[in-house]
Amino acid sequence: MNINFLARPNILALKPYTSARDEFQGEASVFLDANENSLGSTTEGNWNRYPDPYQLKIKEKLGKIKGVQVENIFLGNGSDEAIDLLFRIFCEPGKDKAIIFTPTYGMYEVSANINNVDLLKFSLTADFQLPDNVSSIDSLSTKTKLMFICSPNNPTGNLIDRKSIEKILNAFKGIVVIDEAYIDFSPESTWINELNEYPNLVILQTFSKAWGLAALRLGVAYASKQIIELMNKVKPPYNINESTQQLALKALNNESQLREYVQLTLALKATLIEQLQGLRQVKRLYPSDANFVLIEVGDANGIYNYLVANGVVVRNRHSVVNNCLRITIGTESENKQLIELLKKYYL
Ligand SMILES: *Cc1c(COP(=O)(O)O)cnc(C)c1O
């Protein structure tokens, strides 16, 4: 598959911005090339130099952990930057289309709207799996360049069946994006190991969830070298700031902490699920492979407002799944507060 056939011609022809640090190669101790403040920073620490535009140290470390080459990794200012770049690289505004499976993560649609790209929306099945008719979509005649599959899916929490994703990967001629923001909490393995099989596959992961670094804004895309090169060409030159780079590098040396957090979160989730199941206010609890659960209640708006009034915020998903609330797994005491409040609702 030729990725360049899918990309927008203006992006292929684009001559990217070359920063001062791009043009210089080799060793030096005097940097008079980037108009930085040579004297220092106005606050503690050394922040007066521009950061590495390609974040090589993080990519090398991350590559070792994930078993991926540096050339197959893109780092973004959150996964949201990667999502936006994919629209900008592959979808001609007002002409090309993208596919999403609803209900799903809201950012795909926002990003499509920002870029003036029409979406073909397919409903997930009753148990939130991919519908059967997808692999027959002709990407050429429909001008469909991109497809987003979120697994585990947000807000439903479930993994998407591997066989059905595989079927799509073998049939769909556009870019297939698998968003694995919650993969660390799930029992299934990442699609990263399949990268070499599919030049049109993009896998999104993030430091915002299991790594516990949402405030740093660091998302990752894994893909073929061709796709990563296009993303590097279009991204803002210094898209990952230096403090994020330093802190993420530290976190990557601390992977055992992530494993601990995941195990603890899963244990807290099991307890929370048990307690939710015992509540008459909970009509249905959907199976979850993530660090949140989706529950159906009698009156989502009512319960949501009641919880907020008592200082507990959950995500009201009533507008996307009827009478459903999405609940992030909290600490032991946070989960307890939630359960106590739910018990008291309408008592
Ligand atoms: C939370 C989340 C992300 C993470 O986005 P960042 O911009 O990296 O914080 C990505 N995809 C899904 C489905 C999410 O729920």
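This is a predicted model: local features need pLDDT of at least 70, side-chain atom pairs count only at pLDDT 80 or more; totals for chains, interfaces and linings use all residues.
Q: Are helices α4 and α9 roughly parallel or roughly antiparallel?
A: Take α4 as residues 56-66 and α9 as residues 242-252; they pack at an angle of about 25°, with axes 9 Å apart. Angles under 35 degrees count as roughly parallel. That makes the arrangement of α4 and α9 roughly parallel.

Q: Which residues of α9 make the contact with α4?
A: The crossing of α4 past α9 is left-handed. On the α4 side, the contact uses Lys57, Ile58, Lys61, Leu62 and Ile65. By class, this contact has 1 polar and 2 charged residues alongside 6 nonpolar ones. From α9 come Gln245, Ala248, Leu249 and Leu252.

Q: How many nonpolar residues are in the contact of α10 with α12?
A: Helix α10 (residues 255-277) and helix α12 (residues 332-344) have axes that come within 11 Å and cross at roughly 5°, which means α10 is roughly parallel to α12. From α10 you'll find Leu268, Leu272, Gln275 and Leu276 in the contact, and from α12 Glu332, Asn335, Leu338, Ile339 and Leu342. Sorted by class, that contact has 1 charged residue, 2 polar and, for the nonpolar group, 6.

Q: What is the distance from a polar side-chain atom of Tyr182 to an oxygen atom of the ligand?
A: There are 13 residues around the ligand, and Tyr182 is among those that come nearest, along with Thr206, Ser208, Lys209 and Arg217. For Tyr182, a polar side-chain atom sits from a ligand oxygen at 2.6 Å.

Q: Which part of Asp80, backbone or side chain, has an N or O atom 3.3 Å from an oxygen atom of the ligand?
A: Asn154 uses an N or O atom in its side chain, 2.8 Å from a ligand oxygen. For Asp80, the atom 3.3 Å from a ligand oxygen belongs to the backbone.

Q: Where is Pro152, which has a cis peptide bond from Ser151?
A: Most peptide bonds are trans. The Ser151 to Pro152 bond is cis, with omega near -5°. As for its place, Pro152 is in the loop between β4 (144-150) and α7 (162-171).

Q: What is omega for the cis peptide bond that joins Thr102 and Pro103?
A: Look in the loop between β2 (97-102) and α6 (107-114) to find Pro103. The bond joining Thr102 to Pro103 is cis, and omega is about 0°.

Q: What is the phi of Asn116?
A: Most residues other than glycine have a negative phi. Asn116 lies in the loop between α6 and β3 (118-123). Though not a glycine, Asn116 has a positive phi, about 55°.

Methods
Residues are numbered from 1 along each chain as its sequence is written. Side-chain values use heavy atoms; hydrogens and water are left out. Axes are lines fitted to C-alpha atoms, for helices over the stretch in contact, and angles run from 0 to 180 degrees between N-to-C directions. Helices (H or I, at least four residues) and strands (E, at least two) are DSSP runs, numbered from the N terminus. Angles under 35 degrees count as roughly parallel, over 145 as roughly antiparallel, 65 to 115 as roughly perpendicular and the rest as oblique. A crossing is left-handed if the near helix is turned anticlockwise from the far one by less than a right angle, and right-handed if clockwise. Contact means heavy atoms within 4.5 Å. Ala, Val, Leu, Ile, Met, Phe, Trp, Tyr, Cys and Pro count as nonpolar, Asp, Glu, Lys and Arg as charged, and the others, Gly among them, as polar. A residue is near a molecule or strand if one of its heavy atoms lies within 4 Å of it. A polar contact is a pair of N or O atoms within 3.5 Å; within protein, one must be able to donate a hydrogen and the other to accept it, and residues adjacent in sequence count only if both atoms are side-chain atoms.
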